[in-house]
Amino acid sequence: YKSVVLTTRNGGSSTLIENGIDGFILEEMEATKWAACMKEIYKDKGRMQEIQSNASLKIKNNFTWDILADRFIEQYEAKIKGE
């Protein structure tokens, strides 16, 4: 949805995000640090749009259902063949 994502290190979103490229991974759950990050990115509209675009392209090119379904099928077929 072309949003700027902020997250912490976890097993979900932090495995997909490249910090500062297509979102932000914050080390601490401290509200002031989250607010500072949001304020900083909001002030730089060009960078904000670049991050939004990078995130959208990453999802579009790697994580749509059609792309993931093809990868799942390839993995299942490889397992069936014993690869």
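This is a predicted model: local features need pLDDT of at least 70, side-chain atom pairs count only at pLDDT 80 or more; totals for chains, interfaces and linings use all residues.
**Figure 1. The salt bridge between Lys58 and Asp22.** The closest N and O atoms of Lys58 and Asp22 are 2.7 Å apart. Lys58 belongs to helix H2, which covers residues 45-62, whereas Asp22 lies in the loop between E1 and E2, so this pair ties together parts that are 36 residues apart in sequence. The relative accessibility of Asp22 is 5%, and this residue therefore counts as buried.

**Figure 2. The salt bridge between Arg9 and Glu27.** In this pair, the closest N and O atoms are separated by 3.2 Å. Arg9 is found in the loop between strand E1 (6-8) and strand E2 (24-26), while Glu27 is found in the loop between E2 and helix H1 (31-43); the contact therefore ties together parts that are 18 residues apart in sequence. Both Arg9 and Glu27 are exposed.

**Figure 3. The salt bridge between Lys33 and Glu28.** The side chains of these two residues meet with an N to O distance of 3.1 Å. Lys33 has a relative accessibility of 39% and so counts as partly exposed. Glu28 has a relative accessibility of 38% and is likewise partly exposed. By the rule applied here, the model contains four salt bridges, among them the pair of Lys33 and Glu28.

**Figure 4. Helix H3 and the residue Gly82.** Helix H3 comprises 16 residues, numbered 65-80. From its first C-alpha to its last, H3 reaches 22 Å, which is close to the 22 Å expected at 1.5 Å a residue. Gly82 follows H3 and has a positive phi, near 80 degrees.

**Figure 5. A negative surface patch that includes Asp70.** The patch is formed by Asp66, Asp70, Glu74 and Glu77. One of these residues, Asp70, lies in helix H3. The relative accessible area of Asp70 is 46%, so this residue is partly exposed. A residue must have over 30% relative accessible area to be part of a patch, and Asp70, at 46%, is partly exposed. As background to this view, an α-helix has 3.6 residues a turn, so residues three or four places apart point the same way.

Terms used. Residues are numbered from 1 along each chain as its sequence is written. Side-chain values use heavy atoms; hydrogens and water are left out. Helices (H or I, at least four residues) and strands (E, at least two) are DSSP runs, numbered from the N terminus. The expected span of a helix is 1.5 Å times one less than its number of residues. Patches are made of residues with over 30% relative accessible area and no salt bridge: like charges are joined within 9 Å, nonpolar side chains (Val, Leu, Ile, Met, Phe, Trp, Tyr) within 5 Å. Accessible areas come from the Shrake-Rupley method with a 1.4 Å probe; for residues, only the protein chains shown count as cover. Lys and Arg count as positive and Asp and Glu as negative; His and the chain ends are not counted. The place of a charge is taken as NZ of Lys, CZ of Arg, CG of Asp or CD of Glu. Buried means under 20% relative accessible area, exposed over 50%, partly exposed in between (1.4 Å probe, protein chains only).
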